[in-house]
Amino acid sequence: MKNIKDFGAVGDGVALDTQAINAAIEAAAVDGDVVVFSAGRYLSFSIQLKSNVTLHLTEGAEIIAADPRIHAGQYDPFEPNPFDLYQDFGHSHWHNSLIWGEGLEHIAITGAGLIDGCGLTREGPGSQWKKQAGEFPLSMRGLSAEVMAELAPEVSAMAGLGNKSIALKNCRHATLRGFTIKNGGHFALLATGVEDMVIDGLTIDTNRDGLDIDGCQRVRITGCKVNTPNDDAIVLKSSFALGEIRDCEDIHIEDCRVSGFDLGTMLDGTFGRTQERAPDQDRVTGRIKIGTESNGSFRRITIRNCHFERSRGLALETVDGGVIEDVVAENLSLTEITTAPLFLRIGARLRGPEGTTPGAIRRVRIAHMTATDILADYSALIMGLSDHPIEDVTLTNLHFTYRGGGTAEHAARRPAELDSAYPEPSMFGITPAYGLWARHVRGLKLDNVVLGSDASDARPDIRLEDTETL
């Protein structure tokens, strides 16, 4: 074992320990050893992982992200990426992180310690792709230019900043177990092109995304608690960040809790509910999602025994040409749901190389799912396109209870087609059914689906449009 204090680390939260941490990792890489962080507060800029090395954070150990505005130093520069057109800045770079690794094997971060990203930024530029409207959610169209500039600054503003707690690119056999991440920046974890990864028992309370799994294969996420009021908690993606299609396959998510409580209040146990909206101007987020980045496909995904609280619901979204197929979600409990409890969407944003066409959603089975206290505006939504319908969806033993309050005017609405828009349930406005609205679907099976309302609602419980083989 290599204790970083033996390499000169101070651990007082004041002195920069970057050099000592990286020296310990270099030494451990020689024979495949463990780098130990004993109790202390280790202030650092970028930490570079090496193959066959484990970082072990003992109880009471904290890795603190330094702030370039305060401390003498910068994060590693964001590396050039010629394939940065179709996804935002955060997805396109890895080196500008507190902890990063590229092309590594047999790496791990373990222990009961804390990673505090207090010196990271949660913002960054959007994608450079401006071919059509829909780059940002429709709900953001009313924001001022000043607010949008703050949410999506210019690339030059990112020089020297870090915006991810942990970033892994093209790695194999990675384990993340037991530790806590607080205020993780744009991503608490960005894993891109990673194979054979275990994420177990993490606690994350962060100011933007929690776990982003992008174009990865054979990943198990178990026993994690992720609180993300401003963005997604656990999200699978398949972007073009590596310059080629990387499908997201064989992903297993089990025994996890996701939420959108006030920032930091899951960690302190107060579970605050004062924040009403996320930066996209919809209600707080905190969900499990597939998409939005969907250049590649998603296959053999299992989501089991998970709980959503004060969050948006389960979302399966392909809008950039990818296929979502062979998904099983079962034994899910949801409460205080801030948009649709279930959202399946094929869209035509088509943010990808020329010639990209809409993708598909097929062979989805959702069973034993209970959702209560669902915001009145939203039903469950299964929304294909007229020429690209969703196929073969089975809903078994679902029990959804809504707040009610819909009017006859809402029931009569005929929302416009919004094929190219960024997919969120709010893109359709208040839904014309309070329980389930399915449109452009081929092969929908409902078995013991119970829809109820806590108050009177003038809308029908189910609305079906262009739905065949029911």
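Reply: Leaving aside neighbours within four places in sequence, Gly8 is in contact with Asp17 and Ala20, where contact means heavy atoms within 4.5 Å. The model is predicted, so local features need pLDDT of at least 70 and side-chain atom pairs count only at pLDDT 80 or more, while totals for chains, interfaces and linings use all residues. Residues are numbered from 1 along each chain as its sequence is written, and side-chain values use heavy atoms, with hydrogens and water left out.

Gly8 sits in the loop between strand 1 (2-3) and strand 2 (12-16). Helices (H or I, at least four residues) and strands (E, at least two) are DSSP runs numbered from the N terminus. Gly8 counts as partly exposed because its relative accessibility is 49%; buried means under 20% relative accessible area, exposed over 50%, and partly exposed in between, with a 1.4 Å probe and protein chains only. Ala380 is 372 residues from Gly8 along the chain, and their C-alpha atoms are separated by 56 Å.

The record covers this part of the chain. UniProt places the feature "domain: Rhamnogalacturonase A/B/Epimerase-like pectate lyase" at residues 3-55, in an unreviewed entry. Its positions are in the numbering used here, feature names are shortened, and annotations may be inferred rather than shown by experiment. Residues 3-55 are 26% helix and 36% strand, with end C-alpha atoms 10 Å apart.

Next, the aromatic rings. Rings of Phe, Tyr and Trp (its six-membered ring) pair if their centres lie within 6.5 Å; planes under 30 degrees apart count as stacked, over 60 as edge-to-face and the rest as tilted. The count by this rule is 7 aromatic pairs. One of them is the edge-to-face pair of Phe37 and Tyr42, at 5.6 Å centre to centre and 80° between the planes. Phe37 and Tyr42 are both buried. Phe78 and Phe89 are also edge-to-face, because their ring centres are 4.9 Å apart and their planes stand at 80°. Phe78 is in the loop between strand 7 (61-65) and helix 2 (89-92) and Phe89 is in helix 2, so this pair ties together parts 11 residues apart in sequence. Phe78 is partly exposed at 27% relative accessibility, whereas Phe89 is buried at 5%.

The structure holds 45 salt bridges, a salt bridge being a side-chain nitrogen of Lys or Arg within 4 Å of a carboxyl oxygen of Asp or Glu. Asp231 pairs with Arg208 in one of them, with the closest N and O atoms 3.2 Å apart. Asp231 is in the loop between strand 19 (225-227) and strand 20 (234-238), and Arg208 in the loop between strand 16 (203-205) and strand 17 (209-214), so the bridge ties together parts 23 residues apart in sequence. Asp231 and Arg208 are both buried.

Glu249 bridges to Arg299, with 3.6 Å between the closest N and O atoms. Because Glu249 lies in strand 21 (residues 248-254) and Arg299 in strand 24, the pair ties together parts 50 residues apart in sequence. Glu249 is buried at 18% relative accessibility.

Arg442 and Asp466 form a salt bridge with closest N and O atoms 3.0 Å apart. It links distant parts of the chain, Arg442 in strand 31 (residues 436-453) and Asp466 in strand 32, 24 residues apart. Asp466 is partly exposed at 33% relative accessibility. Elsewhere, salt bridges that share partners join Asp247, Glu249, Asp250, Arg299, Arg300, Glu325, Asp326, Arg362 and Arg363 into one network.

Asn295 is in the loop between strand 23 (288-294) and strand 24 (298-311). Asn295 is buried because its relative accessible area is 9%. Not counting residues up to four places away in sequence, Asn295 touches residues including Ser238, Phe240, Asp320 and Arg351. Asn295 and Ile346 are 51 residues apart in sequence and 13 Å apart in space, C-alpha to C-alpha.
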